[in-house]
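The sequence and structure are shown first.

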Amino acid sequence: MAELEFSADNATPAVPITAMCIVADKSKAPRGFVPIVKCQDDQAEADLWRDGFFTINRQVRYICTSTEIPDSNIKTPVQVITNLIIVRESDPIPHGYVAIDYTADSREKSLRKKYVCIRTEPRDRVVDAIGEIIILGKTKKVPRDYTSAGDIDSLLICYKVIPIPQTYGIQTSNSTSNLETQQSTGGLYPGLPNLSNSTPANLDVSGVSGSSAFTMKNVGIPRVKAIDGIDFKVNPMFVKSDSNSGSSQLPDLSQFTHLEQSRLDDKYNYSFATEHAVLS
């Protein structure tokens, strides 16, 4: 079987993708974002929430991408998307990634049973980034030069990594970018300043800059359990011996030698249910 290739009309963009979101209405994509509405291989609708064509009030979901650089007076590094992965809703979000939880236009749940997770990094720390995202509806073989991010409702999401132009997004003394003609809201959140360094477990952003935002799970810090940082060790009173007599302070267990095992189990049985609940 021949490898799937694309025509020159679908050539990889010269600049990396700087932001990504999901919308419930392709006509309401945030300013500077372009929705992916067609599958690359069969030109079918690239809807990530397939309810069926005859469903009343049918819901749809479309991925939107932006290659624009935020226009900001604050000299912060330009962020680019360097990796993309699809994970199940029940699985943990990979460390260093954020999950697109809600639609940017309607603030509804973005997907069913899965999350689109992206990783962003400052432009000055990387030499390449994702430059194109495509959706395949019929072909299940990953095209040459592309990488599979995973599938959503039988649609295969693939991306292509490109080298970043040397002058792209590099700050100068006169501007925050060498691309002076590009202006947009950009960033991980449409209409918001860059929040990639935020640390709360769930960032809930809404009603800012006149456009609906969306929530992303920030996993920049590892998940902490209730027992983390607690030292588990035997009480010193049970391990130290009397320096004068040399006798141990451990309790005398000889009184239990005559008891049957079943009686011991009944009298001293402990379920450890509380401990299991803490560890879960």
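## Cysteines

The count of disulfides comes to zero. Cys64 is in no disulfide, and the nearest cysteine sulfur, that of Cys21, is 4.5 Å away. The model is a predicted one.

Cys64 is buried, with a relative accessible area of 0%. Cys117 also counts as buried, at 0% relative accessibility.

## Overall make-up

The protein chain has two helices and eleven strands. Read from the N terminus, the order of elements is β-β-β-β-β-β-β-β-β-β-β-α-α.

Of the 280 residues in the protein chain, 35% are buried. Among contacts in the chain between residues at least 6 apart in sequence, 69% join residues at least 24 apart.

## The sheet of S1, S3 and S2

Three strands form an open sheet in the order S1-S3-S2, with antiparallel pairing. S1 and S2 are the edge strands, each pairing on one side only. Strands of a sheet pair through backbone hydrogen bonds, in either a parallel or an antiparallel sense.

Strand S1 (residues 19-23) is joined to S3 by five bridges. Strand S2 (residues 34-35) pairs with S3 over two bridges, again in the antiparallel sense. Thr65 of S3 is the bridge partner of Met20, and Thr65 is also the bridge partner of Val34.

Strand S3 itself (residues 62-66) is mostly covered: five of its five residues are buried. Tyr62, Cys64 and Ser66 point one way from S3, while Ile63 and Thr65 point the other way. Residues on both sides of S3 are buried.

## The largest nonpolar core

The largest nonpolar core has 24 residues, and those touching the most other members are Met20, Leu84, Val116, Ile133, Ile135 and Ile157. At least two residues of this core come from each of S1, strand S4 (79-88), strand S5 (98-100), strand S6 (114-122), strand S7 (128-136), strand S8 (147-152) and strand S9 (155-163).

Met20, one of the core residues that touch the most other members, is also the residue whose bridge partner in S3 is Thr65.

## Strand S7 and Ile135

Eight of the nine residues of S7 are buried, so S7 is largely enclosed by the rest of the structure. Strands S7 and S9 run antiparallel and are joined by eight bridges. In S9, Ile157 is the bridge partner of Ile135; both residues are among the core members that touch the most others.

Which residues does Ile135 contact, leaving aside its neighbours within four places in sequence? They are Ile36, Cys39, Gln40, Asp41, Ala46, Leu48, Ile63, Leu155, Leu156 and Ile157. One of these contacts, Ile63, is a buried residue of S3.

## Ile86 in strand S4

Ile86 lies in strand S4. Ile86 counts as buried because its relative accessibility is 12%, and the limit for buried is under 20%. With neighbours within four places in sequence left aside, Ile86 is in contact with Lys114, Tyr115, Val116, Ala149, Gly150, Asp151, Ile152 and Ile157.

Ile86 and Ala149 are 63 residues apart along the chain, and their C-alpha atoms are separated by 5.7 Å.

## Loop residues with positive phi

Most residues other than glycine have a negative phi. Lys113 has a positive phi, near 70°. Lys113 lies in the loop between S5 and S6 and is exposed, with a relative accessible area of 64%.

Asp145, likewise not a glycine, has a positive phi of about 75°. Asp145 is placed in the loop between S7 and S8. At 54% relative accessibility, Asp145 counts as exposed.

## Aromatic rings

How many aromatic pairs does the structure hold? The count is zero. A charge over a ring is present, however: Arg107 lies over the face of Tyr102, at 5.6 Å from the ring centre.

Definitions and conventions:
Residues numbered from 1 in each chain as written. Predicted model: local features only at pLDDT ≥ 70, side-chain atom pairs only at ≥ 80, totals over all residues. Heavy atoms only, no water. Buried < 20%, exposed > 50% of the residue type's maximum accessible area, 1.4 Å probe, protein only. Helix = DSSP H or I, 4+ residues; strand = E, 2+ residues; numbered from the N terminus. Pairing = 2+ DSSP bridges. Core = buried A, V, L, I, M, F, W, Y, C linked by side-chain atoms within 4.5 Å. Contact = heavy atoms within 4.5 Å. Disulfide = S-S within 2.5 Å. Phe/Tyr/Trp six-rings, centres within 6.5 Å; stacked < 30°, edge-to-face > 60°. Lys NZ or Arg CZ within 6 Å of the ring centre and 35° of its normal.
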